[in-house]
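I open this notebook to record what I looked up on strand pairing, helix packing and charged side-chain contacts.

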Amino acid sequence: MTQIARAAQIDCQHIRNFCIVAHIDHGKSTLADRLLEFTGTVTRREMKEQLLDDMDIERERGITIKARAVAMRFTFEGETYELNLIDTPGHVDFQYEVSRALACCEGAMLLVDAFQGVEAQTVANGYAAMDNNLAILPVINKIDLKHQRADEVAEEMEHSLGVDQDDVLRVSAKTGAGVQELAEAIVRRVPPPKGDPEAPLQAMVFDSHYDEFRGAITYVRMMNGTVRKGQKIRFLRAGMTREVIELGQFTPQRTARRQLQAGQVGYLICNIKALDDVNIGDTIVDAADENAVALQGYEEPKRMVYCGLYPSDGQDFSELRDALDKLAINDPSFEFEPESSEALGFGFRCGFLGLLHMEIVQQRLEQESDVDLVQTAPNVTYEVTKKNGEIISVHRPQEVPDLGDIEEFRQPIVRVNLLQPVEFVGPVMKLCQERRGVQHGTEYISTTRVMLTYDLPLAEVIYDLHDKLKSATRGYGTMDYELLGYFPADLVRLDILVNGKRVDALSVICNRGDADRRGRAVVKKLRSEISRHMFEIAVQAAIGSRVIARETVKAMRKNVTAKCYGGDISRKRKLWAKQKEGKKRMKSIGSVDIPQKAFMAVLDTGANEK
Amino acid sequence: MSDTAPIQTRQFPPPRAAYIHVPFCRRRCGYCTFTLLANRDDLIDRYLLALERELSLLGARQEIDTLFFGGGTPSHLPAEQLERLFEIVWKQFQLADGYECSLEANPADINAARMAVLRQYGVNRLSLGVQSFNAEKLRFLERDHTAGEIYQAFELARESIENVSLDLIFATPQDTPAAWRADLQQALSLSPAHISVYGLTIERGSTFWSRREKGVFASPEEDAERRLFEQAIDTLTQAGFEHYEVSNFAQPGARCRHNETYWRGGSYFAAGPGAARYVAGRRETNHRSTTTYLQRVLAGESPVAESERLAPPDLARERLVFALRMMEGVDITAFQNQTGFSIEEIAGRAVAQFVEWGLLSRTAGQLRLTREGLMVSDSMWERILAV
């Protein structure tokens, strides 16, 4: 009997689906590698370093962006089990993807570094796993470290996550110590999936990626029924019917199977040309099943952060569009639409799941295309109820209605968990209070580490909270957040004028109480970014028609070549022409050359001036 | 040539000017990045040989109106080699009636023997590299003469050559307004025919550059430097000098005609290492390394290192920029006749803006820099040249 046929026969009792929840750098990928190796799925020689993170950017940043699913075989007490490891993104921007991955598992490994201890992200995702009723396997990694403090960390896990210290497994993904016990614990402690291979087909889409030869590769967890090659299936949300051309499992490379049945995890290829037809959270059913029921929990990806991306030279517009199109094929959670700015010309308004997602997209754009970009300051989406009762979403400051038309201005508020050593609690509280945070709770997860919970405007979080937290805690602080909802606030649009001309791309939305400080900080920053011109430049911040801050870039006083004779003519002409070429990379507003990085100046919150 | 001749021919008549580069100096001053060799007088003979070879390529002897010996320091050549230099050049160029023949000289080089040679070969304009009368400033500039030597040299030079110009440098760390006033006054007290004042420019590659980078000394702030420049303009014009180009001041009738050719877009021959010529619409620059120049020329190869011919509109823009560096400015109609392009066509937007900002003034068919424009003119040229 062939391997393929055997694989199809496994029943739910012999399947374990689990994921690993961990903070960046706590060794998730290394542990996954060790499990692949231990189960003989991949030999050491085949093992590329950190096999699961196969995108360059992920490796550079040491984080996992896209979930992956790997099927392993493990024989224990004479029985062969299929262990499906579903990899989860480690970052808060990808929380929805995390939630879908969790919905596909019966167990979650909470992996914590034996030296660094519990981090905010571990707590957030740990609770999410518990909310999904997953069996929790607490694991301490890196016990080989010289400075490991596994006992204390076990205590921290008990306090912060409510796990029994006696249940905590201790491993070293590096040396392989404890991996056997871990594999056994997965079989023993993670319940087998429920589901009936004979029931009508229900499969959850939890991820996808784009293959340039095969089109969309859809990742599924089989909830009920069986899917076979050649079967006609329907994506309920997308309303799309397709034939299954290939199906199989990741081992970790794609391995074709004849069928996938309830409880299993695998992939489907069904000739889908665009990734945005594959909605994460969608339910796949049999095409002929008229009464099929969707699985719970589908949500549209929520873009939380928007920014404008403009080619710094207007001619590259179509090149930029091609580059964005290409990116969007592989990343349906990124969206963009053309927009134009008086200051920057034609470009795109782009929506991201969060700030990290934005950075990743930008980095890819730079790596994969030659377009020189001007990026406007990121902003969150606001909600406005107008006097006439109309409710609008505001994705960019220019869309804010006139002050007189606004009944209520609402902003997204997030609940932020900040976890740090006790001695940094003061500075972190100050940081949150400065950002209009409302304290929600304090929890000592051990004698040395405290978790603070604050409700904060998302806008304050995305700008620089993470960086500021890191510097306030000497790198030890970690944070995580979840959206609470939209709440009214006293918000205004702060405009920036350069020589009396409003530069639309520099407008920001901020709290009225912060407007003076922000305005002063921004114009000051702009003054230092804009070089002296042949004329004086006024840089002003204004709310409506009221100017609240002003700085002046003094006119250049002297810039004249003294010696210019026969031999200098060619040289000087070239030099002058070249200097102007250099300035073409800037945006010219009126006659003022504004360097690209000045468009990020509006992020300067003025917090350092207090 | 008639006004109906094609523009190309009108634009590029045969040169009536020539420049000879003499690349020798006693020493290199800290701010200098010119083509020169210090302490290599052993190469002078080979240089003269190469120069003769290069000039002979021009063919028949040409008549010219202006001739300029620059450097380096032409006056550094000993009298006998100076004589040979003139013999070589005179073989190629015939000076027309009313000619101007200039030579750059160091005060320390001026002696009776050299002056006799200059007079004998018809040099009628001397450009004296005085730089300052202030001992400390001269030391800073690494000049090899004292204030006393300047006076002696000047007196001696004036015995044979009426038309003497002085070079002065400002914007050194020593230049307080009072110190600079003293320099200007001392220069005026000699009643030279012409004065050039140069803001000290420290270019990459000079020893001053690295010393300033290391913080050994600081250049004056932009504002202070501007005040010094304005002080010079005001002092010299009040003393009766005409400010006719960014850095040049002349007694009535004593402008340097040779340099005016450069600024007006005229053609000129050139020979010697690093020398730049503009003949028949092509700009060429000889190799800047003296030794490479010698090797190439003596091996019968071309000494030209760079060569370019601009497209007509770019040429017109270049012409506009360099002509605007002359204080009397540009005759708008004449410019169009000479280049075939109106200023409106090639730089209309920039010029309109500069007029609006008070950097250029347009009166009686003439476009010229204002005082404000002069001070920031490099920034204006960028906008005219990069289209």
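I looked up the bridge partner of Leu166(B) in S8(B) and found Ile195(B). Strand S7 (residues 163-170) and strand S8 (residues 194-199) of chain B pair in the parallel sense over six bridges. Strands (E, at least two residues) and helices (H or I, at least four) are DSSP runs, numbered from the N terminus, and two strands pair if DSSP finds at least two bridges between them.

I note that this is a predicted model, in which local features need pLDDT of at least 70 and side-chain atom pairs count only at pLDDT 80 or more, while totals for chains, interfaces and linings use all residues. Residues are numbered from 1 along each chain as its sequence is written, chains are lettered from A and ligands numbered from 1 in the order in which they are written, and side-chain values use heavy atoms, with hydrogens and water left out.

I then traced the sheet in chain B. Nine strands form an open sheet of mixed pairing, in the order S9-S10-S8-S7-S6-S5-S4-S1-S11. Strand S9 (242-245) and S11 of chain B each have a single partner strand, so one side of each is left without a neighbour in the sheet. Neighbouring strands of this sheet are turned by 20 degrees against each other on average, direction ignored.

I next checked the helices on it. Helix H6 (residues 147-160) of chain B packs on the sheet, touching strand S6 (125-131) and S7; contact means heavy atoms within 4.5 Å. The direction of H6 makes about 155 degrees with that of S7(B). Axes are lines fitted to C-alpha atoms, for helices over the stretch in contact, and angles run from 0 to 180 degrees between N-to-C directions. Helix H2 (residues 44-56) of chain B lies across S1 (17-22), S5 (93-105) and S11, running at about 155 degrees to S1(B).

I turned to salt bridges (a side-chain nitrogen of Lys or Arg within 4 Å of a carboxyl oxygen of Asp or Glu). The structure holds 59 of them over all chains. In chain A, Asp514(A) and Arg436(A) meet in one at 2.9 Å, N to O. This pair lies 78 residues apart, with Asp514(A) in helix H12 (residues 512-529) and Arg436(A) in the loop between helix H10 (425-434) and strand S25 (438-444). Asp514(A) counts as buried (under 20% relative accessible area; exposed is over 50%, partly exposed in between; 1.4 Å probe, protein chains only) because its relative accessibility is 7%. Arg436(A), at 36%, counts as partly exposed.
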